[in-house]
Amino acid sequence: MALRDTLKALKSSNFISWKSTGKLQKTIASFIEKTGKTLHSGKLTKVKLLPELAGQGRYFDCNSEGVIQASITFAEETPLCTTLCGDGFKIRTVEHLLSALEATGVDNCRIMISDFDDRTAEIPILDGSAREWVEAIEQVGLKVATYQDGNCEKLVPVLNKPMHVCRNDSFIAAFPAEDVRISYGVSFPQVPAIGCQWFSSAPLDVSFYAKQIAPARTFCIYEEVERLRDAGLIKGGSTENAIICSVDKGWLNPPLRFHDEACRHKVLDLIGDLSLFGQYGCQGLPVAHILAYKAWWSCTTR
């Protein structure tokens, strides 16, 4: 089961209608700059967000030598993160930033990255959540994105009929609804402190996202850390940017921000991945009730 499969199904005219929101496309009112350690490479990276014209959508400017649109077309399956590839460049761990941009209504944005290693870069993990991105966006505010001498209307994908994609015991399903809702389930029977969790959102708006989803941090299982690092992953992971759970001892760096923080973080990731459906400044999240279970990274980027 894969998000690329899901989005291909959504692109079918039988499933989706693009409708006007009655609103104009927006962008950030000023630039945002963040520097931090990356999760997998462990290196320091600087990212700068800049306002963009309407219709340009969200895209990554790679040293002014290449451009990668934040689109499912450029998504590549990689372990433990969502990666975009294009023009010979690769950007890893984009899901938290894209989740924050989608949820806060930043429809158009130029994302500049200057720290490349062999044409590969990674978005800083910050505290492991999307909270710092949301706070930075709230601080600078939004403005209407102009287009030449006018403005562009924002369109939204509306689901017309139920659909689903599944792989083994994992699935993503979507049902017609009047607003965006997400229900997500995780299952870690070998880790009692996590176990089986479900989280369902109220109608997804900026306020709900900022308070109930954005602060949820990424997590890992302590017993898997050595294996992941041997595989060249999570070199920058620490108790400063992740919550860590042991099979026998439970959470090793409490307190949690939510009792179901692990599940809420998966919702955060899913919003970032689904944002890749949006193009040209239109909304990526479909107006639907999205139901997902164990939709991990490999399930949501292929």
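How many helices and strands does the secondary structure of the protein come to? The answer is six helices and 23 strands. The radius of gyration is 18 Å, close to the 19 Å that the globule rule gives for 302 residues, so the protein is as compact as a globular protein of that length. Please keep in mind that this is a predicted model. Here is a friendly tour, topic by topic.

**The protein as a whole**

- The C-alpha trace spans about 60 × 45 × 35 Å along its principal axes.
- Of the 302 residues in the protein, 57% are buried.
- The protein exposes about 12800 Å², and carbon and sulfur atoms supply 49% of that area.
- Among contacts with a separation of 6 or more, 76% come from residues 24 or more positions apart.

**The five-stranded sheet**

- Reading across this open sheet, the strand order is β3-β4-β10-β5-β6, and the pairing is mixed.
- At the edges are β3 (32-37) and β6 (66-69), each of which pairs on one side only.
- On average, neighbouring strands of the sheet are turned by 25° against each other, direction ignored.
- Strand β5 (residues 58-62) pairs with β6 in the antiparallel sense, over four bridges.
- To find this pairing in the structure, look for Phe-60, whose bridge partner in β6 is Ile-68.

**Helices on that sheet**

- Helix α2 (residues 95-104) packs on the sheet, where it touches β4 (44-51), β5 and β10 (109-113).
- The direction of α2 makes about 140° with that of β5.
- Ten of the ten residues of α2 are buried, so the helix is mostly covered.
- The buried residues of α2 include Glu-95, His-96 and Glu-102, along with Leu-97, Leu-98 and Leu-101.
- Helix α3 (residues 131-140) lies across β3 and β4, and runs at about 160° to β3.

**The largest nonpolar core**

- This core has 67 residues, and the ones that touch the most other members are Leu-49, Phe-60, Ile-91, Ile-194 and Tyr-209.
- Helix α6 (residues 261-274) gives the most to the core, with seven residues.
- Beyond its neighbours within four places in sequence, Ile-91 is in contact with several residues, among them Phe-60, Cys-62, Ile-68, Ile-113 and Phe-116.
- Other contacts of Ile-91 include Thr-82, Thr-83 and Leu-84, as well as Ala-121 and Ile-123.
- Tyr-209 belongs to helix α4 (residues 206-213), where it is buried together with Phe-208, Ala-210 and Ile-213.
- The cover over the buried residues of α4 includes α2, α3, β19 and α6.

**The β18-β19 hairpin**

- Strand β18 (residues 181-188) and strand β19 (residues 195-200) pair in the antiparallel sense over six bridges.
- A hairpin leads from β18 to β19 through six residues.
- Within this pair, Gly-185 has Trp-198 of β19 as its bridge partner.

**The three-stranded sheet**

- Another open sheet has three strands in the order β20-β21-β22, with mixed pairing.
- The edge strands are β20 (219-221) and β22 (250-251), and each has a single partner strand, so one side of each is left without a neighbour in the sheet.
- β20 and strand β21 (residues 243-246) run parallel and are joined by three bridges.
- In β21, Cys-245 is the bridge partner of Ile-221.

**A closer look at Ser-30**

- Where is the place of Ser-30? Ser-30 is in the loop between β2 (26-28) and β3.
- With a relative accessible area of 31%, Ser-30 is partly exposed.
- Leaving aside its neighbours within four places in sequence, Ser-30 is in contact with Leu-49, Pro-51 and Val-140.
- One of these contacts, Leu-49, is also listed among the core residues that touch the most other members.
- Ser-30 and Gln-190 are 160 residues apart in sequence, and their C-alpha atoms are 46 Å apart in space.

Key: Residues are numbered from 1 along each chain as its sequence is written. This is a predicted model: local features need pLDDT of at least 70, side-chain atom pairs count only at pLDDT 80 or more; totals for chains, interfaces and linings use all residues. Side-chain values use heavy atoms; hydrogens and water are left out. Two strands pair if DSSP finds at least two bridges between them. Helices (H or I, at least four residues) and strands (E, at least two) are DSSP runs, numbered from the N terminus. Axes are lines fitted to C-alpha atoms, for helices over the stretch in contact, and angles run from 0 to 180 degrees between N-to-C directions. Contact means heavy atoms within 4.5 Å. The radius of gyration is taken over C-alpha atoms; the globule rule is 2.2 Å times the number of residues to the power 0.38. Buried means under 20% relative accessible area, exposed over 50%, partly exposed in between (1.4 Å probe, protein chains only). Accessible areas come from the Shrake-Rupley method with a 1.4 Å probe; for residues, only the protein chains shown count as cover. A nonpolar core is a set of buried Ala, Val, Leu, Ile, Met, Phe, Trp, Tyr and Cys residues joined through side-chain atoms within 4.5 Å.
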